Amino acid sequence: MADDLGDDWWENQPAGAASSPETSGDEGGGDTEMKQQETAPVPALPKKTKQPKECFLIQPKETKEESTKTRKWKKKKITDILAKSEPKPGTPEDLQKLMKDYYSSNRSVIELEELNLPDSCFLKANDLTHSLSSYLKEICPKWVKLRKNHTEKKSVLMLILCSSAVRALELIRSMTAFKGDSKVMKLFAKHIKVQKQVKLLEKRAVHLGVGTPGRIKELVKQGGLDLNPLKFLVFDWNWRDQKLKRMMDIPEIRKEVFELLEMGICSLCQSESLKLGLF
């Protein structure tokens with residue numbers, strides 16, 4: 001019977017009834033639209049852009065160690081100094097100042113006076129124009145007469161101080177024009193024992209001694225060399241070695257020189273019986 005009603009029933013239905021499925025579908029669609037509107041993301045409000053701030057770099061504080069490091073001066077070498085200026089000849093004031101600097105820290109005022117070298121004991125210094133022979137002739141014009149009158153053993157009339165044995169041999173060869181018949185003795189440690197030098201000084205009178213302050217000091221200590229008859233003490237002051245150092249620039253040599261001066265030489269200078277020369 002439902003089949004008989006069939007098309008007539010559907011045709012006779014009111015329009016609203018016929019369209020009910022569509023309307024129900026429309027209502028469902030409305031709900032989804034509402035849901036979509038509800039679930040749709042809300043656009044975020046634009047954030048306020050922060051203005052860039054100025055940056056100031058703080059310099060780290062300089063420590064005392066760093067400041068001292070940056071302030072350290074490069075130590076000047078002798079070669080650098082000589083490259084900028086010509087070498088100056090040594091003067092008596094140079095020796096007096098070296099002695100004062102060496103002794104001032106560990107000697108009393110009275111002791112310093114005893115070690116003082118008076119100006120009157122100094123002979124004319126070499127102005128870098130002399131050879132050794134010409135310089136010795138200038139400071140000791142009466143050498144021939146002096147050496148003829150010298151007969152005392154274990155002593156010399158003139159001592160020449162230098163920095164090494166090699167330099168001593170050079171000086172002996174360069175003084176041929178001055179020494180003449182004078183007896184010259186090598187006073188250094190290389191290949192020569194102290195005992196042998198003591199025996200040689202005891203055997204005969206020696207006029208000239210050329211050597212290093214260390215060995216001469218040792219001979220004086222052992223009684224092999226008496227300084228009282230000494231009339232001239234000459235320093236090989238201006239000569240420079242391969243490193244451009246003078247004898248008094250070398251700490252070991254300088255120390256030995258001052259120790260030798262203490263062994264009666266300063267008192268001989270003060271009594272004006274001994275003269276000093278800077279070659």
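Q: Before we look at single residues, what does "exposed" mean here?
A: A residue is called exposed when its relative accessible area is over 50%, and buried when that area is under 20%. The structure itself is a predicted model.

Q: Then is H191 buried or exposed?
A: H191 has a relative accessibility of 76%, so it counts as exposed.

Q: Where is H191 placed?
A: H191 is in the loop between β2 (184–187) and α12 (194–203).

Q: What about the phi of H191?
A: The phi of H191 is near 65°, which is a positive value in a residue other than glycine.

Q: What is the phi of E272?
A: E272 is not a glycine either, yet it has a positive phi of about 65°. This residue belongs to the loop between α14 (251–270) and β5 (275–278).

Q: Changing topic: where is G224 found?
A: G224 sits in the loop that runs between α13 (213–221) and β4 (232–235).

Q: And why does G224 count as buried?
A: Its relative accessible area is 0%, so G224 is buried.

Q: Which residues is G224 in contact with, leaving aside neighbours within four places in sequence?
A: With those neighbours left aside, G224 is in contact with K154, V198, L201 and L219.

Q: How many Å separate the C-alpha atoms of G224 and L200?
A: The separation is 9.3 Å, for two residues that are 24 residues apart along the chain.

Q: Now to the rings. How many aromatic pairs are found in the whole structure?
A: A search of the whole structure gives six aromatic pairs. One of them is formed by Y103 and F258; this pair is tilted, with 5.9 Å from centre to centre and 55° between the planes.

Q: Which parts does that pair tie together?
A: Y103 lies in helix α6 (residues 92–103) and F258 in helix α14, so the pair ties together parts that are 155 residues apart in sequence.

Q: Are Y103 and F258 buried or exposed?
A: Both Y103 and F258 are buried.

Q: What can be said of Y135 and F279?
A: Y135 and F279 also form a tilted aromatic pair, at 5.7 Å centre to centre and 40° between the planes. Y135 lies in helix α8 (residues 132–139) and F279 in the segment after β5, so this pair ties together parts that are 144 residues apart in sequence. Y135 and F279 are both buried.

Q: Lastly, which residues do ring pairs link into a cluster?
A: Ring pairs link Y102, Y103 and F258 into a cluster.

Key
Residues are numbered from 1 along each chain as its sequence is written. This is a predicted model: local features need pLDDT of at least 70, side-chain atom pairs count only at pLDDT 80 or more; totals for chains, interfaces and linings use all residues. Side-chain values use heavy atoms; hydrogens and water are left out. Helices (H or I, at least four residues) and strands (E, at least two) are DSSP runs, numbered from the N terminus. Buried means under 20% relative accessible area, exposed over 50%, partly exposed in between (1.4 Å probe, protein chains only). Contact means heavy atoms within 4.5 Å. Rings of Phe, Tyr and Trp (its six-membered ring) pair if their centres lie within 6.5 Å; planes under 30 degrees apart count as stacked, over 60 as edge-to-face and the rest as tilted.
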